[in-house]
Amino acid sequence: MVEHTRVQYQEELEQLEASALGGLDLVSAALSRTLEAIEHQDVELAQLVVADDDRIDGRYLEVHQSLIALLATQSPVATDLRLISALLHVLKNVERMGDQCVNVCKLIPLSGNEPPADKEMVKNILTMGNQSRTLINQAKRSFEDRNVEMARDLVRQDDVVDNLNRECFHLALAIGDDADKREWAMTMLLAARAIERIGDNAVDIGEQVAFVVTGLFREFEDASHPGG
Amino acid sequence: MAEPGSAAPRTRLATAGAKATTQAMLRDQPRRDVIRNTAFAGLLLLAVSIALAGLIALLVQAFIKGAPALSTDLITNPPSSIYPEKAGFRTAILGSLELIAGVILFVVPVGVGAAIYLEEYADKTRWWNRMIEVNIQNLAAVPSIIYGILGLAFIVRGPLDLGFILIAGSLTLALLVLPMVIIAAREAIRAVPDSIRQGSLALGATKWQTVRSQVLPASIPGIATGVILAVSRALGETAPLLLVGATVFVTFDPTPFSDYSALPVQIFNYAVQPQDEFQALAAAGIILMLVVLLAMNSFAIWLRNRYEQRW
Amino acid sequence: MTQDESRTGTGREAREAAAERAAIAVRPDEFHHSEAGSGAREKVFELKGIDVRYSGVAAVKGISMDIHRKDVTALIGPSGCGKSTLLRCLNRMNDLIPNAEVQGELLYHGEDLYGPTVDPVQVRKLIGMVFQKPNPFPKSIYDNVAFGPRILGRKDDLDATVEHALRGAALWEEVKDRLEDNAFGLSGGQQQRLCIARCIAVEPDVILMDEPCSALDPISTGKIEDLMIALKDEFSIVIVTHNMQQAARVSDRTAFLMVELDADEQNRWGRLVEYDDTEKIFTNPADQRTEDYVSGKVG
């Protein structure tokens with residue numbers, strides 16, 4: 001039987017991990033609402049997402065503060081130290097993803113009340129969003145399970161988002177000469193770009209999973225870092 | 001950077017040189033040192049041999065002389081100045097035992113009490129406490145005959161006026177060994193580390209509870225050892241007893257309030273008789289006494305080794 | 001270089017050296033003391049301008065702080081800063097040292113601990129102490145724990161008291177089958193937990209710990225630290241430690257003491273520099289000297 005000491009510290013660290021990863025649930029919910037707001041051109045819902053981002057920021061500040069205190073008082077080393085470092089990264093990613101949702105939601109009123117929406121492009125963006133949400137959930141699970149394979153798989157999943165993003169660009173180019181339509185398409189391109197960044201953040205979390213487990217930090221191979 | 005191949009032989013050479021030096025250092029003890037060491041060890045051995053030779057000579061002589069007289073009669077028969085073949089040490093042995101019992105009864109409470117006071121309660125910054133300490137050290141070195149005179153003046157006559165009875169002898173011997181007991185008990189008490197006292201006091205124990213429940217139990221082996229050694233000294237003392245009335249010739253079993261004799265006094269008495277038979281008797285008495293003393297000292301050593309607390 | 005220049009040169013060096021010494025010594029007028037977020041807490045001790053002197057020589061000066069109930073309060077600082085001296089004031093263990101005197105006001109639950117009618121023996125029943133080196137009595141494990149209750153006359157159900165205390169000190173499982181064995185047969189860490197059990201058995205209000213882990217290996221230290229965290233549900237704990245990280249790990253509030261020198265550097269004494277929530281002390285101390293000490297830059 002192994003006797004464990006420093007029980008309270010271990011419990012505290014587990015709780016902080018749960019809180020930090022819980023931030024991903026908040027982001028996932030925010031993204032769902034964001035997508036709904038895009039689909040239905042719901043300005044009020046979009047405003048709710050913007051207001052609700054304070055909760056994500058609050059979580060960020062709270063857990064960040066506690067992690068710093070834990071670093072200062074418990075002098076963690078080895079896996080614990082990597083975990084805390086990774087959690088600080090994850091928190092930053094959470095906060096960034098929340099901000100990206102806010103960015104998207106702020107675009108919705110700009111596109112007007114009855115926008116000349118291109119069905120295919122909206123569908124494309126919604127698919128991107130849903131795929132990004134899957135990425136967020138997968139990132140969270142891989143972190144919880146310390147599953148490096150699942151974390152690496154995020155790169156492949158993210159490729160889908162990237163491809164959809166490029167497609168959006170082509171759709172925007174092909175949208176024609178109507179000024180209103182072009183303006184709408186430009187706005188939607190910005191939204192697509194923000195959602196694509198959310199996917200990248202999820203991949204970054206996957207990199208942190210690999211760091212916690214292996215102790216090596218390496219960016220996963222993706223479009224900007226082709227395999228070698 | 002140099003080629004590994006060129007560097008290696010030089011390193012090997014250096015290593016070989018260092019090895020030779022080390023070996024030389026390890027082996028070559030200077031001759032002068034060897035001689036000195038041996039000579040000194042020889043001197044020490046000589047000192048030990050002289051001490052041992054004295055003891056062995058005493059034992060051998062006592063055994064050769066006393067062997068014929070050794071029998072149980074020696075213990076069971078009262079003394080006689082006329083019939084050496086019937087004479088024994090019975091009353092002297094009883095007298096010694098009673099004397100010793102009296103010494104223990106007196107010296108343990110007083111000696112341990114004094115030691116506790118000096119170690120635990122006395123404020124060492126006060127001049128009178130320092131004076132008491134110095135004087136106890138001095139008293140231990142006072143010749144025993146002085147105690148005999150003291151006993152005669154203050155116990156047999158003088159204030160106590162007990163007369164020449166066994167208790168008077170006990171008290172005199174007790175005074176003689178009291179400093180020894182106090183010193184031994186103080187050392188035993190001092191050996192109990194302060195952390196034990198602090199631990200006890202920090203639990204809300206009073207000073208007396210601390211002394212009684214922690215310090216004394218922990219120092220009992222040391223105190224007991226000191227008491228036994230002191231008693232074995234009292235057992236061997238002759239001079240003061242001669243002054244306070246240990247008569248040489250007691251034919252009845254002594255009581256605390258009667259005349260009395262003691263083993264060493266009886267041996268002295270037999271030894272000064274002109275007849276060879278009495279000389280043999282004295283030698284047998286010496287053997288008897290040596291056996292008792294050795295037994296007591298061995299017990300003290302055993303006690304110390306068995307129960308001595310290692311802190 | 002001329003004569004003059006060389007003289008000014010040495011003069012400057014001397015000034016710099018003096019400034020360096022002054023930087024190490026504490027400036028008495030500055031003291032950071034935050035009561036933020038602790039105003040409503042029940043106070044066990046209130047220290048108001050405590051000075052402790054040995055034969056007239058000050059060991060600590062002007063200590064004012066409140067120690068709260070059911071907190072672990074840590075006293076840290078370099079050697080010679082008087083943290084142990086201060087701790088021993090709290091249960092009048094300093095009384096045992098000849099010529100030690102405590103000045104200033106020291107309230108325990110509002111009562112003057114050094115009042116004329118206060119019996120130090122009674123004080124120590126309420127305020128127990130665990131020492132630097134484990135000091136079990138040379139008796140059985142059982143008798144070690146039972147000693148306190150026995151002298152207090154609490155002899156009913158002694159077995160239950162002993163078991164409760166040993167469980168409280170997380171030692172029961174390890175010793176329950178050998179309660180009659182001599183306590184000296186235990187390991188250092190077990191001995192120290194036995195000393196804590198011995199202290200708990202008296203059911204004190206406060207437990208003072210004077211560097212309780214300095215003689216122990218890291219695993220034993222970890223166990224004692226866990227124990228402290230568990231014990232604060234029931235007791236108020238004040239711990240002196242030279243191990244800053246230990247203070248960081250176990251304490252709720254931390255007091256940092258420093259050595260202060262007088263003008264001619266003949267005398268030195270301890271002075272409280274900063275007293276605050278442990279988290280604050282170790283993440284964002286108010287005083288630069290605290291920061292330098294906890295980050296290991298001076299001390």
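Predicted model: local features only at pLDDT ≥ 70, side-chain atom pairs only at ≥ 80, totals over all residues.

Student: Which residues have the most contacts inside the largest nonpolar core?

Tutor: The general idea is that in soluble globular proteins, nonpolar side chains tend to be buried together. Here the largest nonpolar core has 86 residues, and those with the most contacts inside it are C:Leu75, C:Ala197, C:Ile207, C:Leu208, C:Ile237 and C:Val238. A second, separate core has 65 residues, including B:Leu162, B:Leu173, B:Val215 and B:Ala218.

Student: What does chain C as a whole contain in helices and strands?

Tutor: Chain C has 11 helices and 11 strands. Of its 299 residues, 47% count as buried. When contacts in chain C between residues at least 6 apart in sequence are considered, 72% of them join residues at least 24 apart.

Student: How many helices and strands does chain A have?

Tutor: Chain A has 6 helices and 0 strands, and its elements run α-α-α-α-α-α from the N terminus on. The C-alpha atoms of chain A fill a box of roughly 70 × 40 × 25 Å along the principal axes. Buried residues make up 37% of the 228 residues in this chain. Of the contacts in chain A with a separation of 6 or more, 81% are between residues 24 or more positions apart.

Student: At what angle do helix H4 and helix H6 of chain A pack?

Tutor: Two packed helices are described by the angle between their axes and the distance between the axes. For helix H4 (residues 119-145) and helix H6 (residues 179-214) of chain A, the angle is about 15° and the axes are 9 Å apart. As angles under 35 degrees count as roughly parallel, H4(A) and H6(A) are therefore roughly parallel to each other. Their crossing is left-handed.

Student: Which residues of H4(A) and H6(A) meet?

Tutor: Among those in H4(A) are A:Met121, A:Ile125, A:Leu135 and A:Phe143; those in H6(A) include A:Met188, A:Ile195, A:Glu196 and A:Val209. By class, the contact of H4(A) with H6(A) has 16 nonpolar, 5 polar and 1 charged residues.

Student: Which pair of chains has the most contacts?

Tutor: Of the 2 pairs of chains that touch, chains B and C have the most contacts. Chain C contributes 22 residues and chain B 16 residues. On the side of chain C that touches chain B, two or more residues come from each of helix H3 (120-126), strand E7 (127-130), helix H4 (141-151) and helix H7 (188-200) of chain C. That side divides into 14 nonpolar, 4 polar and 4 charged residues.

Student: Against what do the buried residues of H8(B) pack?

Tutor: In helix H8 (residues 194-202) of chain B, the buried residues are B:Gly199, B:Ser200, B:Leu201 and B:Ala202. They pack against helix H9 (207-236) of chain B together with H3, E7 and H7 of chain C. H8(B) is followed by B:Gly204, whose phi is positive, near 90°.

Student: How far apart are the nearest C-alpha atoms of chain A and chain B?

Tutor: They are 27 Å apart, and these two chains do not touch.

How values were computed. Residues numbered from 1 in each chain as written. Chains lettered and ligands numbered in written order. Contact = placed C-beta atoms within 7 Å. Axes fitted to C-alpha atoms, helices over the stretch in contact; angles between N-to-C directions. Helix = DSSP H or I, 4+ residues; strand = E, 2+ residues; numbered from the N terminus. Parallel < 35°, antiparallel > 145°, perpendicular 65-115°, else oblique. Left-handed = near helix turned anticlockwise from the far one by under 90°. Nonpolar A, V, L, I, M, F, W, Y, C, P; charged D, E, K, R; others polar. Buried ≥ 20, exposed ≤ 12 C-beta atoms within 10 Å, placed from the backbone. Core = buried A, V, L, I, M, F, W, Y, C linked by C-beta atoms within 7 Å.
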